[in-house]
Each structure stands twice: as structure tokens, then as C-alpha cells.
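Reader: I am new to this structure. Please take me through one part of it closely.

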Amino acid sequence: MSKSIKIKVKAREKNGIVQAKLLVKHPMESGLRKDKNGETIPIHHLTQLYAEYQGNTVFQADFGPGVAKDPFLAFAFKGKSGDEFLVKAVDTKQQTGEVKAVVK
Amino acid sequence: MKLTRRNFIVDLLKGSSFIALATSFPTMAFAKWNEKAFKAKQLKQALESKYGKQQIVDSGDILLKAPTIAENGAVVPIRVSTNIANTNNISLFVKDNPTPLIASLNFGETSIPEIQIRIRMAKTSEVIAIVEADGKLYQTKQLVKVTIGGCGG
Amino acid sequence: MKPIQTLTFFALVFLALVLAPSKSYSENSSDIIKTISQAENLRLEASKLGFEWTTTRILLADAQKALKAGNKEKANQLAKRAFNEAESAIKQAKFAQQHWNKSAL
Amino acid sequence: MRSKAKALTISLAIISSISLQSVLANETWKKQNSHSRVAKTDNLNYSQIVNEDVTRFQNFFVKKFPNVEFEEFNNGVYAIDSESREQWIEMEDFPPYELAVDEGKILFEQKFDNGKSYADCFPDFKKGVRQNYPRFDQKTNQVVTLELAINQCREANNTAPLAYESEEITSISGYLAFLSRGNKFNLQVNSINAYNAYLAGKRFYYSKRGQLNFACSDCHIKITGTKLRADTVSPGLGHPTGMPVYRSKWGELGSIGRRYQECNKNVRAVPFDLQSEVYRNLEYFQTIMSNGLEVNGPSSRK
């Protein structure tokens with residue numbers, strides 16, 4: 001639980017549905033890439049992501065290394081403008097990140 | 001499309017926050033990360049590790065939007081949505097990736113089964129979206145071509 | 001005298017036999033080394049003009065490697081290709097100097 | 001002396017009034033060079049020659065792609081390739097460079113040890129400065145790119161320069177570009193030295209090089225719009241406007257110099273150093289060719 005993962009969230013409500021979009025700064029190393037010296041870069045990717053709204057986990061994602069670098073994800077849930085929600089992420093090194101966002 | 005500074009600033013300032021804090025995960029509301037399925041090297045193994053031997057039926061009720069030809073296999077934008085009732089999971093597989101299971105997305109009672117994600121594709125392959133609803137499995141597939149670029153635009 | 005003459009004769013034959021391959025080797029090698037160094041000079045000239053090709057360096061390095069490994073034929077071929085490439089790059093630079101404006105909008 | 005200069009000014013003013021562009025150039029010049037007579041005559045001649053180049057260059061693309069609005073050329077290949085464009089629009093929905101822009105803002109606001117900050121070097125940063133770069137610096141007689149200006153700012157404040165293409169420098173330049181969105185490029189060549197730098201860039205652009213014997217213009221003018229293997233070759237008009245660029249291939253922001261290196265390697269020519277005089281001059285030429293287009297950096301590309 002050392003370095004924290006950066007997450008950026010945008011959320012907008014329309015007709016009672018919150019459209020949430022997020023971007024996570026993460027190398028998403030697949031463990032298959034080699035560096036300049038021909039050494040394999042160790043696997044390091046996000047594994048899980050949670051969205052919490054009013055105390056409930058409304059959405060949850062499990063990632064493998066096949067998700068693109070700096071992962072982007074959009075999802076939707078029932079909610080309203082002005083409310084806060086929380087996004088948390090954890091990766092294979094047990095590094096975590098958390099961000100609070102206000103629904104527009 | 002025109003990207004102006006003004007609409008961008010609005011998005012940047014109002015729509016988002018950028019407070020990253022170290023956090024702990026006291027509760028894991030959903031199942032543990034399925035290591036076996038995510039590390040499986042063949043589609044068959046990945047499917048079995050995730051769903052067991054359960055039958056998966058083709059469905060026209062899943063909308064999978066992926067490019068016919070990917071601009072760059074490193075970032076392939078995908079959209080999936082479904083109107084199958086009680087959908088609690090959408091999972092994405094790329095048949096010919098080194099590890100075919102890409103992501104597994106779980107929906108709570110108040111969430112809408114529609115997602116957008118950007119994935120990696122090692123080469124031309126079928127992309128498969130599998131929906132889990134009421135304990136049943138549904139799927140739809142699309143071929144996405146990944147080409148070797150020349151100059152890269 | 002005679003035994004010495006005989007000995008000298010045999011010694012010369014022996015030496016000729018032993019040195020023959022190494023003599024022809026050193027001749028060929030020095031030719032190759034010469035080609036490599038000429039190619040290297042041309043490469044540097046092309047580089048100064050800003051028109052060096054990425055492939056020329058690789059050819060030269062491979063030529064050196066082949067020479068070290070004793071594959072003279074290959075070394076010679078590679079060195080000559082590098083030479084020709086470097087020469088072409090210089091020609092290209094001169095061509096550009098005179099003709100670039102013709103394709104300008 | 002004075003009357004001679006005056007006569008020259010008048011005659012040149014007549015010439016310049018032929019095109020609106022050069023009249024505008026003359027106005028700009030009057031503000032900038034009212035103390036320098038030598039630069040005065042230079043300005044009129046060179047800016048006019050250059051602006052004629054700009055018109056010819058831009059007309060080529062406007063004619064070549066009649067369905068593309070002029071303003072659209074700052075979107076590169078996405079202005080002309082609809083399949084790629086769709087994927088790009090998906091990316092721009094929440095582009096990965098936004099993280100770098102945020103980071104750039106934080107870095108930009110940090111103070112140097114002497115208490116000053118980047119804002120002291122770029123007082124107009126809020127209004128946007130990207131469109132002014134690269135600019136020709138008369139004092140040092142060289143083209144100054146935004147990245148070079150960032151490092152000059154650091155050095156002026158006794159701070160070590162950043163490595164080119166480091167995450168720090170591309171983030172700062174990305175942030176400054178983002179604040180400049182919508183501003184139009186309108187670089188003017190005002191002196192013989194600036195013209196020489198422009199000409200060096202122009203010469204590079206049209207010179208064939210590398211084992212494949214390709215000039216920038218061979219791809220981006222002659223065969224623009226066609227497929228090169230799987231890629232549509234982007235138009236040469238508008239390349240610098242979206243810089244720095246987040247290329248999916250790189251997975252991070254990079255400057256036009258990094259892209260030049262790639263292009264050179266693609267034709268098997270030994271690339272030049274980042275921020276080398278050769279590349280700065282090329283960027284100067286290319287940016288001038290994009291005069292009239294809006295800044296839309298940072299951008300995302302495949």
C-alpha cells in the first residue's frame with residue numbers, strides 16, 4: 001500500500017442515470033513486453049476497480065493485462081446530480097488509489 | 001469535431017476531481033479476482049475457469065460495438081450494452097490474445113448494463129462479449145482486424 | 001652445404017605451406033579492412049551532410065563481426081554494400097541540394 | 001538615409017498591400033521593429049515570400065480534399081479518414097492526455113528555488129502561448145520551440161533543464177497547449193535570419209533521405225490520402241497544431257521532435273537529436289505552413 005494510483009472521474013446525470021467515465025494512470029504491463037536491454041518487464045496491471053455510491057458498490061470491474069494502458073472505463077448507474085461517489089482501484093502490486101467525484 | 005478550450009475547461013474543472021489518496025480496502029463486496037481465468041492462455045481454459053462447463057448461447061440482445069479495423073491494437077475502443085433483464089456481469093474476451101480474458105464487469109442492482117472500455121489486441125481476432133443474467137450465459141462476437149501499420153498517420 | 005641447402009629448401013617449403021593460407025588471409029583481410037574503413041569514412045561524410053542511412057551502420061558492424069568470425073566472403077560483401085550505401089547517401093545529399101526546390105509547393 | 005528608407009517603406013508598403021496577409025504582417029512588424037530599419041526592409045520582403053508559400057501550400061490541400069473544411073486540417077489524418085476518425089472520437093471522449101494536462105498544471109505552478117515560477121516566463125499563459133511557438137529569437141539567432149522555452153525558463157531561474165521527452169516537460173507543454181486551444185497560429189518571418197531558418201526547414205521538408213529515398217513531402221503531399229500499408233497518410237497541413245501528441249503507440253505524450261525521429265527512422269534515415277537545430281527549423285517551417293489553423297493540442301493519435 002505504498003504509491004497511490006491516480007484516477008480521474010467525470011460523472012454527469014441525465015434522467016436519473018449517472019454516466020461515469022474514468023481514466024486511471026497505469027502502465028498496465030502485460031508481463032510480455034521487453035525493455036531496451038531485452039529484459040522482460042514484470043507484469044503490473046490493475047486488477048480491481050470499485051464504484052461506491054451512497055454506501056453501496058454499484059459497479060465493480062476486474063481487469064486482466066489485456067486492458068489498454070491508462071485504462072478508460074465508462075459505466076452508468078441510477079443516481080442524481082450533486083451526489084458524491086467514490087472510485088477505488090487496486091493493482092497486482094497491491095498499490096491502491098481512490099477518488100471522490102461529484103455528479104454533475 | 002472541434003475541441004475548444006472552453007468546453008474542455010468546463011469538463012476539467014467541474015466534472016472531475018483529482019484527489020488521489022492512499023486508501024485501504026476494508027470490504028471486498030464482490031468475488032475475488034479470478035486469477036485462473038485471467039491467466040488462462042486459451043479461450044477454452046479461460047471460459048471454463050470463469051464459467052465452468054455452462055452452456056453459452058448466442059444472443060441478438062447484446063450490442064457489441066468495436067471497430068472493423070483497429071487503428072492500433074494497443075488501444076481498441078469497445079462498447080457493450082444489453083437489454084437482457086437482470087444482467088449482473090458482462091465479460092470481454094479476445095480469442096487470440098495471449099491471455100483471452102480482458103475484463104469482467106459486475107453490475108449492482110442500480111447499475112445499467114452498458115460499458116465502454118479500451119482494450120489491447122495482439123492481432124486480428126474475434127472479440128467476444130458474454131452476458132451473465134439470471135444464472136444464464138449469452139454471447140455475441142465480432143471480428144476486429146488488427147493491421148501492421150506503415151507510417152502511423 | 002648440401003644438407004643445409006636441403007634443409008633450407010624443406011624449411012622454405014614448410015614455411016610456404018604454413019604461411020600460404022595465412023598470407024592470403026592477411027591480404028584479403030587487409031583489403032576488407034580497407035573497404036570497411038573507406039565505407040566508414042563515407043558514412044561519416046554522409047552523416048555530416050545529414051543524410052546518413054540507418055542501415056549503413058548496421059552493415060558495417062556486421063562486416064566487422066563477420067571478419068572477426070573469419071567469414072571473409074561475407075565480411076567483404078557487407079563492407080561493399082556499406083560502401084555503396086554511404087556513397088548513395090552522399091549522392092542523395094547532393095541531389096537534394098540541387099533539386100529539393102523542384103518538388104516544393 | 002532617412003528619405004531613402006522612407007521611399008523604400010512606401011514602395012514596399014504598396015507591394016505589401018497587394019495581399020491582406022502581408023498588410024497584416026506589416027502591421028505586426030511596425031509594432032515590433034519600429035527601432036530597427038534593417039529589420040524593417042527584411043520584414044516586408046521575407047514575410048511576403050513566406051506568406052505566398054503558405055498560400056500555395058494550403059491551397060494544395062484545400063483542393064486535394066475538397067470535402068474537408070480548412071479548420072478541420074488540424075485534426076490530421078482524422079480530417080480525411082472516417083473509419084479512424086470514429087475511433088479517435090471515442091478516444092477524445094476522455095482522452096488519455098487529460099492525466100498529463102492535470103500533471104502539467106501541477107508542475108507549472110511549482111515554484112523555483114528563487115521563488116519565481118514558469119508564469120514569470122510565460123506571463124500570458126492563461127490566454128495561451130502555444131500559438132507563438134516556435135518563434136525566431138533575434139538575439140540568439142535561433143528558432144525557439146515551446147519545449148526549448150520551458151528549459152530556457154528553468155535555466156534563467158537556476159534550475160536544471162528537463163530531459164526532452166521526459167514526462168515532466170511533455171506534461172508542461174501539454175498543459176500550455178491546452179490553455180491555448182482555439183488560438184490561431186500566425187507566425188511571421190521578420191528578418192533574414194528568421195527566413196534562413198525557415199528556408200532550412202523548408203529544404204529539409206522537400207529533401208529525399210534515407211535508404212527508402214523519401215522526403216516529408218513525398219508522403220505528406222504527393223501521396224497524402226492514400227494508404228501506405230494499412231495507414232492513411234495524413235495531410236502535411238496541420239501537423240504541428242495538435243502537439244504535443246499522445247500516441248497510442250507511445251502510450252504517452254511526446255513532442256513533434258519525437259515524431260520527426262520516427263518518420264526519419266521509417267525511411268531509414270539516421271534521425272537528428274531532439275531539439276536539434278535541424279528539427280527546430282523544420283518545426284518552424286511546418287508551423288508557419290499551418291498559419292491560420294487553431295491550436296488543438298494536446299491531441300491523441302493512433
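A:Tyr53 lies in strand 3 (residues 46–53) of chain A. Strands are DSSP runs of E, at least two residues long, numbered from the N terminus. The model is predicted: local features need pLDDT of at least 70, side-chain atom pairs count only at pLDDT 80 or more, and totals for chains, interfaces and linings use all residues. Residues are numbered from 1 along each chain as its sequence is written, chains are lettered from A and ligands numbered from 1 in the order in which they are written, and side-chain values use heavy atoms, leaving out hydrogens and water.

A:Tyr53 is buried, with a relative accessible area of 5%. Buried means under 20% relative accessible area, with a 1.4 Å probe and protein chains only.

What surrounds A:Tyr53? Leaving aside neighbours within four places in sequence, A:Tyr53 is in contact with A:Val58, A:Phe77, A:Lys78, A:Gly79, A:Lys80, A:Asp83, A:Glu84 and A:Phe85. Contact means heavy atoms within 4.5 Å. Take A:Glu84: 31 residues separate A:Glu84 from A:Tyr53 in sequence, yet their C-alpha atoms are 7.0 Å apart in space.

Now the polar atoms. The side chains of A:Tyr53 and A:Asp83 are joined by a polar contact of 2.5 Å. A polar contact is a pair of N or O atoms within 3.5 Å; within protein, one must be able to donate a hydrogen and the other to accept it, and residues adjacent in sequence count only if both atoms are side-chain atoms. A:Lys80 takes part through its backbone: its nitrogen lies 3.0 Å from a polar atom of the A:Tyr53 side chain.

Conventions: Helices (H or I, at least four residues) and strands (E, at least two) are DSSP runs, numbered from the N terminus. Buried means under 20% relative accessible area, exposed over 50%, partly exposed in between (1.4 Å probe, protein chains only).
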